[in-house]
Amino acid sequence: PMARNFLFRALSVVVAAVLLAGVAVAGEKKGPFKFGYTCMDGSNPFFVVIEKTMREMVTANGDTLVSTDPANDATRQVSQIEDMIAQDLDAIFLNPVDAEGIRPALDQLKQAGVPIINFDAEVADLSYVTSYVGSDNYNAGKVCGEDLVRRLPNGGPILVLDSPTMQSVVDRVNGFLDAIDGKGFEIVGRQDARGNLEVSMRQTEDLL
């Protein structure tokens, strides 16, 4: 919850800064501005709130937010970004499905001169982005692991649902595993849940 609250506050500041600094974002254009938004999974409650908050801030300023949902499909996300570029975006808020797989879209955004505000999960090459906003994902995982050790000091069997293509998830899992290392825990099942609630629930039922 602390990491989530930090991310919301940070994103609000960044969105406000982008809106206020419209001339810097879009050259000499005075507005209204058109912003793109893409996240790894638009059905995830976390991203539902983020998109809603961004939309409220953008529209309150008289600007437009074009949102897309690749539904955890990296190829679809690249294609959707291509379509958004054709709509003459002034900037884009981007959360990648695949940290490395997003590179073709980053190349196209760079060529089109569209500033990239990368949030929550990092792209593999941050040199493409104008700014990155996110929580300390490794520490978030580490805190969760430390809490588990306190609650179950004798260890035990655990399941791990991760998502190897999402850097934020990789960092959280690494922090978690480092925190429980040598504490008597055994990973008896591990699967890629792709950051999706329904997939996670289904996999957890199967693993149990």
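**Helix pair H6 and H7**

I began with the crossing of H6 and H7, which is right-handed in this predicted model. I then looked up the axes of these two helices, and found that the axes of H6 and H7 come within 6 Å and cross at roughly 35°. Going through the residues in contact, I noted that H6 contributes Asn137, Tyr138, Gly141, Lys142, Cys144, Gly145, Glu146, Leu148 and Val149, while from H7 come Ser168, Asp171, Arg172, Asn174, Gly175, Phe176, Asp178, Ala179 and Ile180.

**Nonpolar cores**

I turned next to the largest nonpolar core, which holds 27 residues, and within which Tyr37, Phe47, Phe93 and Phe119 have the most contacts. I listed the elements that give two or more residues to this core: the strands are S1 (34–38), S3 (91–94), S4 (116–119) and S6 (156–162), and the helices are H3 (45–60), H6 (137–151) and H7 (167–180). Of these, I marked H3 as giving the most to the core, with five residues. I also recorded another core lying apart from this one, made up of 17 residues, including Ile81, Ile102, Ala105 and Tyr128.

**Confidence**

I checked the confidence last, and the protein chain averages a pLDDT of 87, with 86% of the residues scoring at least 70.

Technical notes. Residues numbered from 1 in each chain as written. Predicted model: local features only at pLDDT ≥ 70, side-chain atom pairs only at ≥ 80, totals over all residues. Heavy atoms only, no water. pLDDT = per-residue confidence, 0-100. Core = buried A, V, L, I, M, F, W, Y, C linked by side-chain atoms within 4.5 Å. Buried < 20%, exposed > 50% of the residue type's maximum accessible area, 1.4 Å probe, protein only. Helix = DSSP H or I, 4+ residues; strand = E, 2+ residues; numbered from the N terminus. Axes fitted to C-alpha atoms, helices over the stretch in contact; angles between N-to-C directions. Left-handed = near helix turned anticlockwise from the far one by under 90°. Contact = heavy atoms within 4.5 Å.
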